[in-house]
Each structure stands twice: as structure tokens, then as C-alpha cells.
Amino acid sequence: MSAEPGSADVLPAPGPWTVDPATVGPGDVLVLRALGLGDALTAVAPLRGVRRMLPGHRILLAAPAAVGSWLAGLGVVDGVLPLQGLVPLPPVRGGHVAVNLHGRGPRSHELLLTTGPERLVGFAAPEAGHDGPAWRRDEHEVHRWCRLVREAGGPCGPEDLRLRDHRPAPADAPVLIHPGAASGARRWPAERWREVARALVEDGHRVLVTGSPAEAELAAAVVDGVDGAENRCGTLSLAGLAETVGGCAAVLSADTGVAHVATALAVRSVVLFGPTPPAWWGPAVDPGLHTVLWHGDPGAHAWGDPHADELDERLGAVTPEEVLAAARAQLDAVART
């Protein structure tokens, strides 16, 4: 489960990639993914499949302005229609291809159908009068959307998630700790992060702590009394966050957007899971670069509520000792390269 945009760092204002809705029509592909940073990054692979499916078409992403503009700047899409959540899309000319990477329908399908597409690519939703592949509950988020796009004619796979190849980190590369998450259920206690940060500093590592402006108190609690830990909470644009992650030896976080940035940039990470199983949202590529910590039962029919206010018991069962052991193993691998 990824974070809302506000649970990462400060996101930039809409830029030159914002598209005039009146220009959207035949020859365009309108993709709906009006979700946060992590959701956007798990959609990179199917978006590349959409481009292969319809080469020469303009790929437009209906998504939060900052995240969509960032992906456009990277060349993943060609423009963005700013949209936050399942709200009506602005009027467009119609005759385009619509792709629903947001949900199973019917509501998300219906929003796209109101734009007058020539074709809709989406999962089967009889309530919306749409036929397509069947939605599967127990499927990794990346595999789910790649399956949809492949069946529509766009080859893609988890390897398309990467925004760059793995690069060995320099000897002085810092460790990044991102303690925040969009809900309390996925927010590991600050005092445990502080214990991890202190131990890593004592090991000789430089530690950076990131977060949104709303997470200033949380970040301050993590660095409190830890000399050598640098608080960068609320100081980074999305591009700045990506650049910072890309220069780190390892990223430590809960199941949130920054974990997906590390996956996309092939940076070593330790990701703490709680109410949502990593089989659904964990790193989908480069298993040797990413350590997942989870105390859930993979065979259970249901787990916790990822939107709850209280710490999930599965996440609460993760100890600082486990996180440190995983982090040190990843950092030892850095030292050997």
C-alpha cells in the first residue's frame, strides 16, 4: 500500500506538462491513476506497456499534478491532467483511448466513459457495462496492471518498473530513514526509528531523515539526541527526494511511497510491512537489493486495515534489532561492491 502524496516530501507545483483538456482527442491515450507517489511508481511498468501498445500516441496521465508532472519529466508519460482521487474528469474532445489503471470499476470506469473514449481498457465491470479481464484479489499490484495491459496488447513486466539500473553506492553514501506513512496503522513508532538511527550513526554511517512538512514532529522525534542524523523533513521537492534516494546506500521505511522510489531507482532498502502483505505491494524486482520485514500470515484470508489510526499489530511486532540486522546486511553488501 503506497502513501498519499503528502506523506512523502514536498511536491512541486504543476509545471509545463499540464495538458489543456480541450486538446485531448483522437490519437491520445488517457490513463487514470489519480493516486499517490507509490501508486504512480507501481504504474510505471504498465504505462510503458501502454506506450508499446500504442506507439506514436500521446500518453496522458490523469493523476495528482506533481506526481504526474514528475513522471512526464522522466518521459514515462507525455502530459498530465491534474486529478486528485475519483472526481469527474474535465470535458475533453473524445475519440481517445482510455485506460483504467486506477481500480476495478464501476465508478472509475464510469468516469472514463463520460469522456467519450473510442476504446476503454479496464477490468471487467458488468455494472459499468464493460467486459475485460477478471480482477484478482490476491495479485501483486504491479503484476495486476501489467496483466491488464498485456492482454490489451501492450507487452510489459516488473522489470519495466526501474527508472535506472542499480549503481554501487560510494563509500560515504548516507542511509535514509523515512519514518512517515499516510496512516497510523503503517507508522512504526518514532522511538524505534530513533534507536535504529542512533545505532547506524554509531556504526559510522551518516543518516538522513525525510518527511513531509506535516511530519515535522515525527522527524524531529527520530533525530532527537542523535548526533550525526540530519533532519531534511519538508525541505525536498519530489525531484529532490528522488535525487537524494538515488545517492543513498540504503533506504529504511515502512510500506510507503519512498520505498517505491528506492525500488524504481534500484537502491538497497529495508521495508517494514504491517496491515498489507508484501505479496501485494512489496518490491517486485531486484530481490537481492530489498529486504522485507513482515510478521503476517501469508495464508490468512484477511489482514489489518491499512487506513486505520492505530499501529497494526504485524508492524508493531517488527523490532529495532530486526531492522538493524537487515540494514547492516544491506550495508555490508554495499561495502563489498
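Author: The term denotes a side-chain nitrogen of Lys or Arg within 4 Å of a carboxyl oxygen of Asp or Glu. This is a predicted model, in which local features need pLDDT of at least 70 and side-chain atom pairs count only at pLDDT 80 or more, whereas totals for chains, interfaces and linings use all residues. Residues are numbered from 1 along each chain as its sequence is written, and side-chain values use heavy atoms, with hydrogens and water left out.

Reader: Why are arginine 144 and glutamate 141 separated by about one helical turn?

Author: They are three residues apart in helix H5, and therefore about one helical turn lies between them. Helices (H or I, at least four residues) and strands (E, at least two) are DSSP runs, numbered from the N terminus.

Reader: Are arginine 144 and glutamate 141 buried or exposed?

Author: Both are buried; that means under 20% relative accessible area, with exposed over 50% and partly exposed in between (1.4 Å probe, protein chains only). Arg33, Asp39, Glu141 and Arg144 are linked in a salt-bridge network.

Reader: Which parts of the chain does the pair of aspartate 160 and arginine 52 link?

Author: Their side chains form a salt bridge of 2.8 Å, N to O. It links distant parts, 108 residues apart: aspartate 160 is in the loop between H5 and strand E6 (175-178), and arginine 52 is in helix H2. At 9% relative accessibility, aspartate 160 counts as buried, while arginine 52, at 42%, counts as partly exposed.
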